[in-house]
Amino acid sequence: MQGLVVWFNTWKFQGKTVPFCPLPTGKTQNTRRMEGVSRNGEAPQLLDFIAKEREWLMKRLQEQSHGPPPPPEDKALELRLGPPGDEDRSNIDFTKNCDLQKDESPLSLGYFNGRNQAQAQNFAPYLQFSPSISQTQLPVLAKDSSSDTVDLQNNNDTEKKKALPPASAAANTAVPDSSQKRTAPAPVVGWPPLRTFRKNLASSDDHGKPAPKTHQNAVSSKIVSERSGKGLFVKMNMDGVPIGRKVDLNVYDSYQKLSAAVDELFRGLLAAQRDSSGRGIKSMPDEEKSITGLLDGRGEYTLVYEDHEGDRMLVGDVPWHMFVSTVKRLRVLKSSEISVLGAGGQKQDKMPSDSAMQ
Amino acid sequence: MDPKKSRDSAESARAAQFPDEVLERVLSLLASHKDRSAVSLVSKTWYNAERWSRTRVFIGNCYSVTPEIVARRFPNIRSVTLKGKPRFSDFNLVPQNWGADIQSWLAVFAERYPSLEELRLKRMTVTDESLKFLALKFQNFRALSLMSCDGFSTNGLAAIAARCRNLTELDIQENGIDDNSGDWLSCFPENFVSLEVLNFASLSSDVDFDALERLVSRCNSLKVLRVNRTITLDQLQRLLVRAPRLTELGTGSFLQDLNAHQYSELERAFGGCKNLHTLSGLHDATALYLPVLYLACANLTFLNLNDTALQDEELAKVLVHCPRLQRLWVLDTVGDEGLEAVALNCPLLEELRVFPANPFDEEVNHGVSESGFLAVSYGCRRLRYVLYFCRQMTNAAVATIVQNCPDFTHFRLCIMNPGQPDYVTNEPMDEAFGAVVKTCTKLQRLAVSGLLTDLTFEYIGRYAKNLETLSVAFAGSSDWGMQCVLEGCPKLRKLEIRDCPFGNAALLSGLEKYESMRSLWMSACKVTMNGCEVLARERPRLNVEVMKDEESSDGQAYKVYVYRTVAGPRRDAPPFVFTL
């Protein structure tokens, strides 16, 4: 059942503080929440709030607009709430909307939830839904999919759409460049328009990313984390190899790739170690044994990491981007030694046999 | 005497002096299908001469005509290019099993064009059975190009490799296919030597490298080789030394630990490729290994870096070696600074595509902005094709950009946040696209984005007189916008719209227009079934197809696809497609 999205920022409103409403979730999986997010259940309360104080809101938004007065032809584009085209705004069925069921999921407007286009499109779904852009947001009330409101919308084609975007623009100009980070809206089906590789994703699946990796014209899954933008180097040591390596985790975007890189980096070194006679720098690729099974425990070696708390963790449990943000150091341990350590994080200990066993 | 008759007899008198064979011979030299279409309209004689002399046919919408009709009109076809699904299927807007299956075409071709040599398909469904059928039935088959197709697996490719003795081209691009294994490549017989183009960059599984190496060795005419990323650098080196005449190369993974000797061998191999004009692949390339390329870049005209997340300095270092670059595709990891390097180093640049590395990332602190685009416009005045994904843009910047580069033929700007205004003035982006259409009189293709009102479409309708393709998303204020475009753009052929407030009035304003267009796509707009029914009734020569899914309520026409056709309603439509 489609619901409404009510969106506002916190503001002092006649002495009361009104909290954020969450980004529209509707049918999309938007697990990110902004700070101060309120639960959907509070929506009806807030609506009541708005209904009573609508005039205040309009006045406040207009006051806050420091931008140039709208050109004459934009008269029709003046700030409006509810379905524009209605000259008499007090007739807007705020009360109807205020009777939202608690369990109605908020309707994501327009593009925010690709599936809800049919309903949402009645309202200008073209607003920038970024809390940071404006301190006072225009509460947008999208109509329910009930047929009478749909008809209402259809009757007011020309005027209505023009109303909201400049309104939000007006609201936006009022706000100084916010220090808050802009968060992007929830993903929309097929947007941005990039080609997807539905089936080719399997081989380099990134556990965490919800949206399919997309890419125009190329194999998709090489999207690199931009965390630091410049390189996230962590030390990596391998059991039995005295010399460690440094790896730039930003170069990889999945565990498979990291595992492959570990193989590449240490294969030669390991072979050199094993070959006690030492064949010099040039190693024979054929004679080096590939290091496999780093992630699934089946190989001779297993990849573990140390996080910022100093705990040693098996690589591969958390989504990649989460891993990259917490990893401090990597180790390639002999799988036989792993079983000696307990499962889960443990303080690093040089003597695995000393660690408590579960 | 009837004036028409007198004209005809005078004309046939003239034609009699001009034997059909000569006319056919002359017309056979015409390559462009637009020219051929024009020629075929001159007179019946010319129509016949043209159709007998045509060997290549291009069908932009596979449902606009039936294979029987094509075969009846053109008896001597050797090369067929077919496009199937609407373009928005690339973005998951078209459900699976929509159609565009090649098999019905192949069945007719097997009978009527047994000497068929080339098949180029885009957005078609191709099954393994079809590929096997193709390999079996067409003895002269030479060139297969599949772009953005689906439905087949590497088993089908194996059949092609095994049976097509005269294959010169196997070009598999960006398809959603099942990659069962790389064994297909080993199916090329040992005495097979004719390959000139091999592109398997989009497949993900390992191929038998020895087989590949032998294949490359014995195919002396190989000009285009694009391998997938399972091919390592040292393997690449071995391929390059066997194919120094390559003109287009797509590498595999560029991430490998090479020792000094291997590195210099690779560098030397690249140095041996004097004819390279196109380079792609370079997966995971870093500053460490990119320099091996430099010797091969002197004649490079097309560099495709959208598989490698380069930073600005890395890109700059590469571009210094590519003075002749005309086409460049990059990821937005290069940032505005990287684009400044482009402006500095690539004065001959005509095409730039900037793709987002993290399109769904919620952190917006990276990528490119208007300043990168601006910089390029100052340095690369010959720019005529741009595809630009960014997170912010201003009207002023776009206006300056098109002033610097008025020769744009393709302007595709994607501000990734739907409905985002000019981030400086907070106004709609109307003036930006207004400037584009006013200044770029040669504009053929336009994709708009950002916060847009009807004014944008008024501008387009008024000024974009050469516009052929228009893509619109999350834009417009009312039916009037779409009407402006339909009434104003005389050369419009393809119009694709999603998530816009255009309803039945807008749809029906194009009544006079749609038969001169290839197709119209409208999804998540305000069109209803009633409107579509009216359209279908008024224009029987259009197919008006509505796709229903579980989201759309009754009465709503959620996805509408309208196209002209002489084939009548589709006979293979799946249950969710309603032809009105």
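## A sheet in chain A

Let's start with an open sheet of five strands in chain A, which has mixed pairing and the order β4-β3-β7-β5-β6. Its edge strands, β4 (245–248) and β6 (312–314) of chain A, each pair on one side only. On average, neighbouring strands of this sheet are turned by 30 degrees against each other, direction ignored. Strands here are DSSP runs of E with at least two residues, numbered from the N terminus, and two of them pair if DSSP finds at least two bridges between them.

Look next at β5 (residues 301–307) and β7 (residues 327–334) of chain A, which pair in the antiparallel sense over seven bridges. Within β7(A), A:V332 is the bridge partner of A:L303.

## How to read the model

This is a predicted model, in which local features need pLDDT of at least 70 and side-chain atom pairs count only at pLDDT 80 or more, while totals for chains, interfaces and linings use all residues. Residues are numbered from 1 along each chain as its sequence is written, chains are lettered from A and ligands numbered from 1 in the order in which they are written, and side-chain values use heavy atoms, with hydrogens and water left out.

## Chain B at a glance

Chain B has 20 helices and 23 strands; helices are DSSP runs of H or I with at least four residues. Of its 580 residues, 61% count as buried (under 20% relative accessible area, 1.4 Å probe, protein chains only).

Among contacts in chain B with a separation of 6 or more, 69% join residues 24 or more positions apart; a contact means heavy atoms within 4.5 Å.

Technical notes: Buried < 20%, exposed > 50% of the residue type's maximum accessible area, 1.4 Å probe, protein only. Axes fitted to C-alpha atoms, helices over the stretch in contact; angles between N-to-C directions.
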